[in-house]
Amino acid sequence: MNIEFEIFSPVQQIQNKLFDDKGIKVFIKRDDLIHPIISGNKWRKLKYLLKEAQAQNKTHLVTFGGAYSNHLLATAAAAAKFGFKSTGFVRGEEVDNNTLFLCRLHGMTLLFTDREGYRDKQTLFNKYFAGDSEVFFIDEGGASSLAAKGCSELVDELPETYDHIFCACGTGTTAAGIINGLTRRSLSTQFNGVPVLKNGEFLKNDIDKFLTASAIYHLHTEYHFGGYGKTTGELISFVKQFVASTGILIEPVYTGKMFYALYDLAEKNHFKPGSRVLAVHSGGIWGLLGMKDKF
């Protein structure tokens with residue numbers, strides 16, 4: 001089976017008085033529209049991993065994630081679409097929620113594991129699948145050089161150049177891919193990553209290991225709102241206002257924090273007048289399922 005999508009990810013301008021007042025133009029790369037479930041960076045990170053699994057004649061994808069993991073759900077859906085079996089190791093105690101329901105609906109077998117055992121994913125994988133020649137290992141979030149390769153293709157799709165590109169950062173793989181794409185095309189665009197975890201400075205090491213060449217980029221580490229999966233009333237209010245004023249769905253775990261950072265930096269005159277800023281909508285809107293009670 002040909003592992004491809006016909007990519008639909010337009011660039012749209014976001015109209016806002018703040019941006020008009022600051023003399024900047026802000027655009028959004030709608031990667032959330034690529035697929036209803038395998039959307040955004042989830043598809044870009046999986047694309048070449050699935051091609052590699054196919055090339056190795058593997059039939060069973062095994063990966064890792066938390067109970068509300070968009071990566072688990074995207075892998076389950078991709079496995080179903082392209083004819084693979086799938087298994088997901090789920091971090092923490094056994095639970096049932098909307099995300100895991102959708103994983104199961106797409107045929108994924110779920111193996112719950114305690115947080116201590118989850119830390120050593122290769123050992124965990126070997127415990128269940130050592131010697132199984134049909135199984136293909138995919139790290140949490142798809143983190144890999146192949147995933148970065150898929151993410152780099154986003155830059156090739158851009159209709160014009162921008163002064164800044166913003167993206168939310170979880171594992172750093174998407175960031176590395178976009179930076180690689182900018183480097184390959186010799187663009188002077190500044191990459192801005194917004195870590196969604198506390199103490200996100202450590203992501204620089206994770207990003208650098210997937211770079212094809214050294215590059216200068218910036219991480220805005222102060223917009224984690226308490227850490228991964230954490231939020232505040234201020235962030236929830238921002239997400240609600242953004243969705244209601246743009247018609248573009250975002251969530252508080254990834255894209256909400258990234259857009260909050262962009263708007264806050266604009267307010268603080270971070271961008272020179274005349275700047276053109278592109279925000280990457282990395283999908284993951286199913287993360288809203290685990291945050292409904294916050295709204």
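Which residues does Phe191 touch, not counting residues up to four places away in sequence?

1. Phe191 touches Ile165, Cys167, Ala175, Ile178, Ile179, Leu182, Tyr217 and His218 once residues up to four places away in sequence are set aside, a contact being heavy atoms within 4.5 Å.

2. The model is a predicted one, in which local features need pLDDT of at least 70 and side-chain atom pairs count only at pLDDT 80 or more, while totals for chains, interfaces and linings use all residues. Residues are numbered from 1 along each chain as its sequence is written, and side-chain values use heavy atoms, with hydrogens and water left out.

3. In the largest nonpolar core, which has 56 residues, Phe19, Phe191, Phe259 and Tyr263 touch the most other members; such a core is a set of buried Ala, Val, Leu, Ile, Met, Phe, Trp, Tyr and Cys residues joined through side-chain atoms within 4.5 Å, where buried means under 20% relative accessible area with a 1.4 Å probe, protein chains only. Helix α11 (residues 255-267) gives the most to this core, with 8 residues, and apart from this core lies another, of 29 residues, among them Ile37, Leu49, Ala78 and Leu100.

4. The chain has 11 helices and 10 strands, which are DSSP runs (helices H or I, at least four residues; strands E, at least two) numbered from the N terminus. Of its 295 residues, 55% count as buried, and residues 24 or more positions apart account for 73% of the contacts with a separation of 6 or more.

5. The C-alpha atoms fill a box of roughly 60 × 45 × 35 Å, taken along the principal axes.

Terms used. Buried means under 20% relative accessible area, exposed over 50%, partly exposed in between (1.4 Å probe, protein chains only).
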